[in-house]
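Please read the following alongside the sequence and the coordinates, with the definitions kept in view as each term comes up.

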Amino acid sequence: MKRHNPMNIKRLMLICALLLCIPFMASTRAGAVPTATPSDASGWFVDLNRFSESAHRNFTCEVCHGDMRVQGQPHPDTRDTARLKREATRIYDYRRCGTCHRESYERYLRGSHAKALIEEKKATASKVLVADKLKAPTCGECHSAHYSRSHLSRAATGQEMTAACGACHPAQKATYLENYHGKVAVHLRDEASAYCTDCHGAHDCVSLKDRKAALAACQRCHPDAGERFAQFVIHPTTEGLAQDNKEKQKHVAIIKLVTVIMTIIVILVVGFFYGHSFLWLLRELHERLRKH
Amino acid sequence: MTEENSQQEMVIRFSVLQRLLHIIVMVGFTGLALTGFSLKFSAQWWASGFVWLIGGAGHLAYLHRFFAVITYACVMAHILWLIYYKLVLKRSLTGPQSLFPRVKDVKDLLGHLRYFFGRGRLPSFNRFTYWEKFDYLAIFLGMNTMGLTGLILWAPEFFSRLMPGYFINLAQVLHLYEAILAVALKFVVHLISAHLRPEIFPIEKSIFTGRTNREKIMREHPGEWEDIVTTSESAAPGSGSQTS
């Protein structure tokens with residue numbers, strides 16, 4: 001029987017070891033979550049190619065924008081030049097969405113986004129400037145009437161939703177994607193997992209500060225969940241967390257502390273043993289070469 | 001040394017149970033690492049690609065738990081063996097040739113480090129060197145803590161009745177960082193120290209065949225050879241070759 005040259009086998013093993021390293025060479029990227037936000041798409045200009053594939057493709061412009069003619073104003077309105085300088089999503093009368101999407105619109109009115117919009121209007125009336133990030137969303141901030149498609153799969157809707165919600169709640173998006181729910185739902189596209197609205201509601205957008213509401217949300221998928229189950233922190237971040245929520249502040253602080261301690265332990269132990277192995281390899285290689 | 005001679009000098013280093021447990025833990029640990037990190041790094045193409053290959057997140061969860069069960073079954077089998085070894089065979093679990101950490105291990109570590117810098121000879125290791133004890137104890141203790149945090153994550157509904165809900169978060173953090181620690185040590189440090197360093201490269205067969213020989217023991221574990229010689233001198237001949 002032909003004997004293999006041990007050098008060739010060693011070389012082959014080295015190549016195999018290098019090949020096994022390839023997956024770890026990929027640079028870290030934030031994930032395949034689309035970053036385009038629908039509010040970009042709710043501007044003054046409409047791309048008719050994309051519009052022709054949207055859910056509203058069979059509508060004429062007047063179905064949604066007919067009020068100008070109804071009010072007897074010419075279009076384009078040459079007298080009101082300031083109009084075009086304002087954001088389209090802030091001046092469109094979204095009550096018109098409610099004529100078809102009644103359920104969604106009524107839920108929106110009951111929810112926290114609509115309340116925030118009322119607060120914002122009060123603030124602008126009293127000339128207090130509102131930071132862009134704090135702007136309360138209208139329909140058009142989350143949905144694109146011109147480009148949103150219909151009959152998307154749950155996973156595809158979830159991908160879009162993560163980007164849309166994450167535009168204003170980046171810390172919540174990041175922590176959700178660090179959580180099992182987000183990893184399984186968004187990255188692995190498993191529709192059995194929970195997307196943003198599965199817990200927070202699609203148009204009510206509840207913050208789930210209320211313990212009972214949070215538990216009810218958990219129990220939709222975890223029927224055996226007890227009262228303390230809802231203390232599980234899905235978004236371990238203090239960003240956007242109410243100042244008076246001392247209990248959750250404490251929990252988030254403990255979670256962060258344990259993370260820091262574990263990171264230090266891992267770095268120290270791994271650092272020591274990697275250094276140890278490296279020195280050992282150098283010494284044994286030296287012993288080998290010396291014998292030649 | 002001729003073939004016949006080395007046959008005579010053959011010594012059993014690992015029992016059938018130990019070899020079997022090593023193989024099952026090896027497969028189980030690799031499976032756990034692969035399935036676990038595929039979830040942790042699911043944003044990476046290789047992780048989501050692997051999950052796609054095995055048929056989705058549901059299969060991933062099932063496989064992770066399957067590997068966890070077979071790996072922890074090995075820990076249980078090993079604990080039963082330790083009880084039998086101590087109570088029925090009435091042998092020592094803490095003696096100088098055991099895996100129990102001793103002061104000599106610290107001295108051996110310091111002596112070994114001196115040897116790395118060319119400032120001393122290789123220490124006279126006993127049956128288990130300090131890095132072998134570390135490898136063993138790290139996985140033995142680690143499997144128990146990983147098993148505990150893993151169990152909490154397996155049944156959070158049940159465990160959140162016993163402890164505050166944010167303990168599930170803590171279990172998650174501990175499970176992740178210990179996994180990183182274990183993978184960083186086992187797949188690099190253990191492979192180098194047990195298999196890949198030039199003295200042994202490419203593989204240490206004794207953990208798979210159970211066999212080693214006199215020459216190897218005298219080179220790698222001189223303290224053990226002295227022990228074998230003294231016990232076989234005091235006891236009946238041929239009874240002291242296995243000290244496990």
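This is a predicted model: local features need pLDDT of at least 70, side-chain atom pairs count only at pLDDT 80 or more; totals for chains, interfaces and linings use all residues.

Residues are numbered from 1 along each chain as its sequence is written, and chains are lettered from A and ligands numbered from 1 in the order in which they are written.

Chain A has 16 helices and zero strands, where helices (H or I, at least four residues) and strands (E, at least two) are DSSP runs numbered from the N terminus. Of the 292 residues in chain A, 22% are buried, a residue being buried if 20 or more other C-beta atoms lie within 10 Å of its own, exposed if 12 or fewer, and partly exposed in between, with C-beta atoms placed from the backbone. The domain assignment divides chain A into domain 1 (44–151), domain 2 (153–237) and domain 3 (242–282), with bounds that come from an automatic or database domain assignment. The C-alpha centres of domain 2 and domain 3 of chain A are 26 Å apart, and their contact takes four residues from domain 2 and six residues from domain 3; two residues are in contact if their C-beta atoms, placed from the backbone, lie within 7 Å.

Between the chains, the contact takes 43 residues from chain A and 39 residues from chain B. On the chain A side, helix 16 (246–291) gives the most, with 20 residues.

Leaving aside neighbours within four places in sequence, Ile168(B) is in contact with Phe232(A), Ile152(B), Leu153(B), Pro156(B), Phe159(B) and Ser160(B).

Ile152(B) is also one of the buried residues of helix 6 of chain B, among them Trp131(B) and Met143(B), and what covers these buried residues includes helix 8 (166–196) of chain B. Because the expected span of a helix is 1.5 Å times one less than its number of residues, the 25 residues of helix 6 (residues 130–154) of chain B should span 36 Å, and the 34 Å between its end C-alpha atoms agrees with this.
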